[in-house]
Amino acid sequence: VQLQASGGGLVQPGGSLRLSCTASGRIFRLSAMAWYRQAPGKQRELVAVVRSGAFVHYADSVQGRFIVSRDSASNTVILQMNDLKPEDTAVYYCNVEDRDSYRDLRYDYWGQGTQVTVSS
């Protein structure tokens with residue numbers, strides 16, 4: 001499975017950006033699609049995840065500002081980021097969990113990362 005992410009860039013505080021990530025290749029079933037981020041000198045952290053059945057979870061730091069959604073038909077996950085703050089500056093990574101229900105196996109895949117910089 002390959003993940004292609006896009007949409008990062010430079011934005012002023014209070015601005016918005018939209019990240020997109022599309023999975024392709026031999027896919028069983030994407031049981032979860034998520035966005036993580038890693039700022040310089042910090043550990044990678046979960047930003048938002050959307051699971052099968054439309055379960056959604058956000059990190060406290062982005063609750064109310066970010067919206068995650070998925071299009072199952074195109075295997076795409078979108079992260080709409082609003083009211084961006086300088087502390088949102090990080091490399092954002094797309095992550096998917098691909099589940100092979102027949103063999104009861106789960107595979108974890110990561111995108112290449114896209115830089116988001118919030119600065120005036």
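Predicted model: local features only at pLDDT ≥ 70, side-chain atom pairs only at ≥ 80, totals over all residues.
View 1. Residues are numbered from 1 along each chain as its sequence is written, and side-chain values use heavy atoms, with hydrogens and water left out.

View 2. The protein has 11 strands and 0 helices (DSSP runs numbered from the N terminus: E, at least two residues, for strands; H or I, at least four, for helices). Its C-alpha atoms fill a box of roughly 50 × 25 × 25 Å along the principal axes. Of the 120 residues, 40% count as buried (under 20% relative accessible area, 1.4 Å probe, protein chains only). Among contacts (heavy atoms within 4.5 Å) between residues at least 6 apart in sequence, 54% join residues at least 24 apart.

**View 3. Asp100 in strand β9.** Strand β9 covers residues 90-100, and Asp100 belongs to it. Is Asp100 buried or exposed? Asp100 counts as buried because its relative accessibility is 3%. Its side chain makes a polar contact with the side chain of Arg103 at 2.9 Å and also reaches the backbone nitrogen of Tyr102 at 3.2 Å. A polar contact here is a pair of N or O atoms within 3.5 Å; within protein, one must be able to donate a hydrogen and the other to accept it, and residues adjacent in sequence count only if both atoms are side-chain atoms.

**View 4. Asp100 meets Phe28.** These two residues are 72 apart in sequence, yet their C-alpha atoms are 5.5 Å apart in space. Setting aside residues up to four places away in sequence, Asp100 touches Phe28, Leu105 and Tyr107.

**View 5. Asn95, also in strand β9.** Here's another residue of strand β9: Asn95 is buried, with a relative accessible area of 7%. Which side chain does the side chain of Asn95 pair with in a polar contact? That partner is Asp108, at 3.1 Å.

Technical notes:
Buried < 20%, exposed > 50% of the residue type's maximum accessible area, 1.4 Å probe, protein only.
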